[in-house]
Amino acid sequence: MTTTPQPTGAGAPGPSRNATNVNVSTEPAKGGSIWTASRVIALVFTVLEVLLLVRFTLKLLGANADQAFVSAIYGITEPLVAPFRGIFAQPAGTPVVEIATILSVIFFVLLAALIVAIVRAVTGKRGESNP
């Protein structure tokens, strides 16, 4: 079976070299800054929450506070946990479960959600681009 060669070049039938199937708008995406603000807020609070969860785990496992890494984590997270100390009585002896850290994690999760909701409410959008 033989095939006949198809003509090529500028006069050949079929798609041209300049044709594209991609629909691209030249307008900037609407709601892009809302999406970016929401993501930055979520990132900052996620980092804080991870640090607090690392602190909680280190306290739970009884990590040596004289070790540099453990000391750094405790130093960074202490200002975040301090406002929650004394809300609930801590059992006497070595704290195994630090309730103040759990409360601070819950607080920061709720605060992040509130800030993102306020940003979206003030802008009147939910971070979706409307054509």
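Mentor: Begin with burial. A residue is called buried under 20% relative accessible area, exposed over 50%, and partly exposed in between. Keep in mind that this is a predicted model. L110 has 56% relative accessibility, so L110 counts as exposed. L110 is part of helix α3.

Trainee: What share of the 131 residues in the protein is buried?

Mentor: Buried residues account for 19% of them.

Trainee: Which elements make up the secondary structure of the protein?

Mentor: There are three helices and zero strands. Read from the N terminus, the order is α-α-α.

Trainee: How do I check the length of a helix, say α2?

Mentor: Compare an expected span with the distance between the end C-alpha atoms. Helix α2 covers residues 68–81, and at 1.5 Å a residue its 14 residues should span 20 Å; the end C-alpha atoms are 19 Å apart, so the two agree. For α3, the 25 residues should span 36 Å, and the end C-alpha atoms lie 37 Å apart, which also agrees.

Trainee: Where does α2 bend?

Mentor: The bend is at G75 and amounts to about 25°. A proline, P79, follows within four residues. At the N-terminal end, α2 is capped by Q67, which has a side-chain oxygen 2.9 Å from the backbone nitrogen of F69.

Trainee: How should I read a list of buried residues in a helix?

Mentor: Look at the spacing. An α-helix has 3.6 residues a turn, so residues three or four places apart point the same way. In α2 the buried residues are V70, I73, Y74, T77, L80 and V81. In α3 they are A100, T101, S104, V105, F108, A112 and V116.

Trainee: What does the side chain of T77 reach?

Mentor: It reaches the backbone oxygen of I73 at 2.7 Å. The side chain of T77 also makes a polar contact of 2.9 Å with that of R55. T77 has a relative accessible area of 0%, so it is buried.

Trainee: Now the charged residues. What is the general idea?

Mentor: Side chains of opposite charge can pair when their charged atoms come close. The whole structure holds four salt bridges. One of them joins R55 and E78, with the closest N and O atoms 3.0 Å apart. R55 belongs to helix α1 and E78 to helix α2, so this pair ties together parts 23 residues apart in sequence.

Trainee: Is R55 buried or exposed?

Mentor: R55 counts as buried because its relative accessibility is 1%. R55 also meets E98 in a salt bridge, at 3.0 Å from N to O. E98 sits in the loop between α2 and α3 while R55 is in helix α1, so the pair ties together parts 43 residues apart in sequence.

Trainee: Which residue does E78 meet besides R55?

Mentor: E78 and R85 form a salt bridge, 2.9 Å from N to O. Through shared partners, R55, E78, R85 and E98 are joined into one network of salt bridges.

Trainee: Which residues make the nonpolar surface patch?

Mentor: The patch is made by L60, L61, V96, V97, I102, I106 and L110, and its area is about 630 Å². Helices α1 and α3 each supply at least two of its residues. The largest share, three residues, comes from α3.

How values were computed
Residues numbered from 1 in each chain as written. Predicted model: local features only at pLDDT ≥ 70, side-chain atom pairs only at ≥ 80, totals over all residues. Heavy atoms only, no water. Patch = residues over 30% accessible without salt bridge, like charges linked within 9 Å, V, L, I, M, F, W, Y side chains within 5 Å. Areas by Shrake-Rupley, 256 points an atom, 1.4 Å probe, with all protein chains shown as cover. Salt bridge = Lys/Arg side-chain N within 4 Å of Asp/Glu carboxyl O. Buried < 20%, exposed > 50% of the residue type's maximum accessible area, 1.4 Å probe, protein only. Expected span 1.5 Å × (residues − 1). Bend = angle between axes of the 7 residues up to and from the residue. Polar contact = N/O pair within 3.5 Å; in protein donor to acceptor, adjacent residues only side chain to side chain.
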